[in-house]
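Hello,

Here is the structure I promised to pass on to you. Have a look at it first, and then read on for what turned up.

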Amino acid sequence: MLTKKSSAATGSARRLRGSAARALGQTMDRRAFLKRSGLGVGAGAIATQLPYNLIGAAEAAAPGVSRGEGKADVRRTVCTHCSVGCATDAIVRNGVWVHQEPVFDSPINLGAHCAKGASLREHGHGEHRLKYPMKLVDGKYQKISWEQALNEVGDRLLKIREESGPDAVYWIGSSKHNNEQAYLLRKFVSFWGTNNCDHQARICHSTTVAGVANTWGYGAMTNSYNDMQFSKAALYIGSNAAEAHPVSMLHMLHAKENGCKMIVVDPRFTRTAAKADQYVRI
């Protein structure tokens, strides 16, 4: 995580303490590998000149305890952003998730993260998350109380239902919801008086279902990501996987190393097209 430091000297001392603690944390990540091989010394000298700390862990929230103190526990978990299932090692110190690393022996993400997976820790412990409601007033956001926010939203929803009926509102669930949250949302919609409730996957995967189901008779993926690495040819039509699905693009790059020919058909010269053996502009 990017954490601004007020003093380069203080940041260096903390990084050294954090490095020693992480070495005892029973995990071998990129940072640990570099440090144990001696390359981290030069990288640390360069990092002290940067305005942001790019290699240190986040501060633990325990009062009076620095991030370099206490036992570091490595807890393997799965990214909750989408259904790909990328593995993540959460580094927990003093009961606080202070750092994360992609899992190198995962057959899915192969030691990498997409931009969303890299911000996984931020959902629960992000320093930049909103802590109170904000309202747009005259083009600028201003802080309002929870009571005001709930009353304004509730009053507007009740007005819509009174004027246009309960079916005037369409409620959409989220992939970030757990089972209990999904249950409560569905119950809330029932009490609201409608069955206009669905999941965001209905929108984001509707094109997938239409194409794959009509082609293969099954509305989901037919192969694993690892199968991509044994392909002889791959055809991308209007797909920019390098930006839209970087984890699958990683598997495609491995396939190219195994001799797979990559063809990209797209009117735009995208980052995916830049990796193609043959780019066809239409």
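Strands here, like helices, are DSSP runs numbered from the N terminus (strands: E, at least two residues; helices: H or I, at least four). S6 covers residues 134-137 and S7 residues 140-143, and they pair in the antiparallel sense over four bridges; two strands count as paired if DSSP finds at least two bridges between them. Across from Val 137 stands Lys 140 in S7.

Before going further, a word on the source: this is a predicted model, in which local features need pLDDT of at least 70 and side-chain atom pairs count only at pLDDT 80 or more, while totals for chains, interfaces and linings use all residues. Residues are numbered from 1 along each chain as its sequence is written, and side-chain values use heavy atoms, with hydrogens and water left out.

Next, the sheet. Three strands make an open sheet in the order S3-S4-S5, with antiparallel pairing. Its edge strands are S3 (72-78) and S5 (96-102), each of which pairs on one side only. On average, neighbouring strands of this sheet are turned by 30 degrees against each other, direction ignored; the axes are lines fitted to C-alpha atoms, for helices over the stretch in contact, and angles run from 0 to 180 degrees between N-to-C directions. S4 and S5 pair over six bridges in the antiparallel sense, and Ile 91 has His 99 in S5 as its bridge partner.

Leaving aside residues up to four places away in sequence, Thr 88 touches Arg 75, Arg 76, Thr 77, Cys 79, Gln 100, Glu 101, Val 103, His 113 and Leu 120, where contact means heavy atoms within 4.5 Å.

Finally, the cysteines. A search of the whole structure finds zero disulfides (pairs of cysteine sulfur atoms within 2.5 Å). Cys 86 is in none, and the nearest cysteine sulfur, that of Cys 79, is 6.2 Å away. Cys 86 is buried, at 10% relative accessible area, whereas Cys 197 is partly exposed at 25%.

Best wishes

Conventions
Buried < 20%, exposed > 50% of the residue type's maximum accessible area, 1.4 Å probe, protein only.
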